[in-house]
Amino acid sequence: MGSGASKNNEDEEDGSNGGGGQLYVSLKMDNSKVEGELTPHVYGSVPLVGSWDPSNALPMLRESASMSELSFVVPPDHETLDFKFLLKPKYRDTPCIVEEGENRILTGGSLQGDARVALFKLEGDVIVESRVFINAVRVSPFDLAASWRAYRENLQPSTVRGIPDVSINPDPTPVESCPSESLELDLEHYEVPAPAPSAQSSLFYAADNAENPRSLSASGSFVNDDTPKAASKSPRVSAVSEDGSPSAEDMEVTIPDHSDSYSASGVGESKSVGILSPIHQKDGQRGLFVDRGVGSPRLVKSVSASSFLAGLKLDAQTKNSMPAAAGAVAAAAVADQMLGPKEDRHLAIVLVGLPARGKTFTAAKLTRYLRWLGHDTKHFNVGKYRRLKHGVNQCADFFRADNQEGVEARTEVAALAMEDMIAWMEDGGQVGIFDATNSTRVRRNMLMKMAEGKCKIIFLETLCNDERIIERNIRLKIQQSPDYEEETDFEAGVKDFRDRLANYERVYEPVEEGSYIKMIDMVSGNGGQIQVNNISGYLPGRIVFFLVNSHLTPRPILLTRHGESMDNVRGRTGGDSVISESGKIYAKKLANFVEKRLKNEKAASIWTSTLQRTILTAGPIVGFPKVQWRALDEINSGVCDGMTYEEIKKNMPEEYESRLKDKLRYRYPRGESYLDVIQRLEPVIIELERQRAPVVVISHQAVLRALYAYFADRPLKEIPQIEMPLHTIIEIQMGVSGVQEKRYKLMD
């Protein structure tokens, strides 16, 4: 002990501070002999807690089924730790049980004595021994940063913490025996209707969900083209002539007043919930919290910060184009807004490709992903504009390049859709997905000229050389597209569409200009490739990463909450309790359901959180690999963990009211918000998109709400209210026809 202290003093004298690193301390305790309602805690002097009040003790986090851990970095000026372990009752209002013996003292990384066991005296003088492991090492700031990055990536174990964020086929937690429960009826007998609005329950055409033209009247018809020019609010469209498109004098697009059609909530007008605590009022300060959402510290807005923001002079368009989410998304958006040209504040993804190449499906999928991340995104489908303007009974001749009337009509609706998208961006929209063939340079040049100084264009070209996939897409098109809903002869419809496709192929010109992303044979399931040209910035980079991991292989994703837990029975938040008797029955029923539903899916996998109620629920399922994701853990309720909502309302009324005002952005003290959950779930979403086999996700209410919102394309503000009942399976079917949903209720 003496030598350790002497060495520490010498280090401080020469300024090295232990070799330039910081002291990292890990405290672990074996809780296998501890009763279920007693939870391991640590308390002590600065810098641990700062008081010897057991009510302020720090909880140890569950590392495994039998081990709890608390780890932290010690400030250089407090390298002497004086502490003790204690057991804190979770549900009973009884005193804490402090370990017997002297205080534990750790100085400069060296522990006094050799106490490897903590002794606790329970009721009736029962002595419980728990092994403890105390480790202190010097870690450089670079290793700490690398460890934190690895921890956040959810892909590899942290080298400092030593805890995997993703583990495959971990040691199974024993499941107590319970009566075998089987599903005696066919699975269809357990199917229940999905609540509206939800993901589609049947086949649908993705373009139907795209935006309606702004110039569409309430009766469903376009505004009269003969509207006087003085009433027009949009500029004339530049002339093009190579493919017979009209001149500026021949075409004028009327856009009605859209001032009430969109209202974006930007960072400058954030209404996130905050609470003014007494500490913020000293020295005459009268500050309000800056956004309590993702990545926002609970701090007073300083004078220097106010001056900095005033110096930025962000206009209304800049503020409105910020994403609703925050964290990395908001930080990157701020950088792009401040450093890039004005038109880069708005992004137009312009689809390019022949018919039956998956453009509309890709556009809908990308729209859903960006909206889920918090970016205000809309999908503009030119085909929908054409059908509303010129009707659905257009044969293949309408799409010939030498059909002057057809070319003019198609160019007109493309210009109208582009004008609508730009007008929406000027109202605050951030990302527009422009969905059309855009198969010639002339058409693309027209779009770039219209977007000049208003938004940044990235072309997204989809190429497919697999005749089998093209044939499948053609037949799906005839089944789903409104263009053929009145065609009674299916094969006649297929022939007409092939003729339309041939008309486009004769004049098709691959993208070679501007910024572009080419997806080549990405839907075939054989790898494919992506080519990228002149792509920079955070958001375009995220889009490329998403597209790399996307495909159209049909497969189901099953979402379900864990079986009822003991905390569910008691009405308590968070925690890591075991499942109840009802939960055990559901675990058996779920195993039986998975066996029947996925009996021919040998490559399927089971994903759970690292909390034991999901692991126990997955326990009876056999024959499939099981993956534990820390990212699938329930929302962290911080200091409210283990409390009922009535207890929160009584003991923390301000927090209770703050949560009611804005559940999406409200962050529990020392915990998380729903926006935090969305941020940590992005790697899970990317991996779900990348999977080509079925996945069963067994997780928690808040997490499943966020995942379901992605697949069902639900707005962020609705996530905290999404219905996610116990003992119910939500089957999301992913494939070329979009996203469909079924629900199965296995028990009440």
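Which residues does D576 touch, not counting residues up to four places away in sequence? D576 touches R62, K90, D567, L611, Q612 and R613, where a contact means heavy atoms within 4.5 Å.

## Basis of the report

This is a predicted model, in which local features need pLDDT of at least 70 and side-chain atom pairs count only at pLDDT 80 or more, while totals for chains, interfaces and linings use all residues. Residues are numbered from 1 along each chain as its sequence is written, and side-chain values use heavy atoms, with hydrogens and water left out.

## The protein as a whole

The secondary structure comes to 19 helices and 25 strands, these being DSSP runs numbered from the N terminus, with helices (H or I) of at least four residues and strands (E) of at least two. Of the 748 residues in the protein, 53% are buried; buried means under 20% relative accessible area, exposed means over 50%, and partly exposed lies in between, with a 1.4 Å probe and protein chains only.

Among the contacts with a separation of 6 or more, 70% join residues 24 or more positions apart. The protein exposes about 34300 Å², and carbon and sulfur atoms supply 50% of that area, as given by the Shrake-Rupley method with a 1.4 Å probe.

D576 is found in the loop between α13 (566-570) and α14 (581-597), and because its relative accessibility is 15%, D576 counts as buried.

Leaving aside residues up to four places away in sequence, R62 touches M67, S68, D576, T610, L611, Q612 and I615. R62 and Q612 are 550 residues apart in sequence, yet their C-alpha atoms are 9.6 Å apart in space.

## H700 and helix α19

H700 is found in the loop between β23 (695-699) and α19, and it counts as buried because its relative accessibility is 0%. Not counting residues up to four places away in sequence, H700 touches R561, H562, S609, L611, R613, T614, L632, D633 and E634.

The helix α19 covers residues 701-712, and its 12 residues should span 16 Å at 1.5 Å a residue, which agrees with the 16 Å between its end C-alpha atoms; the expected span is 1.5 Å times one less than the number of residues. This helix is mostly covered, since 11 of its 12 residues are buried, including R705, Y708, Y710 and F711. After α19 comes D713, whose phi is positive, near 55°.

## The second largest cavity

A search of the whole structure finds 3 cavities of 30 Å³ or more, a cavity being a set of points, on a 1 Å grid over the protein atoms alone, where a 1.4 Å probe fits but cannot get out. About 90 Å³ of space lies in the second largest cavity, and such a volume is the space filled by probe spheres set on the points, which are joined across faces, edges and corners.

The second largest cavity is lined by 13 residues, of which T362, K365, M519, S550 and L552 lie nearest its centre; lining residues have an atom within 4 Å of a point. Both α6 (359-373) and α12 (538-548) supply at least two residues of this lining, and α6 gives the most to it, with 4 residues. By class, the lining has 8 nonpolar, 4 polar and 1 charged residues, where Ala, Val, Leu, Ile, Met, Phe, Trp, Tyr, Cys and Pro count as nonpolar, Asp, Glu, Lys and Arg as charged, and the others, Gly among them, as polar.

Key. 1 Å grid on protein atoms, 1.4 Å probe; cavity = no way out; pocket = protein on both sides within 12 Å on 5 of 7 lines; lining within 4 Å.
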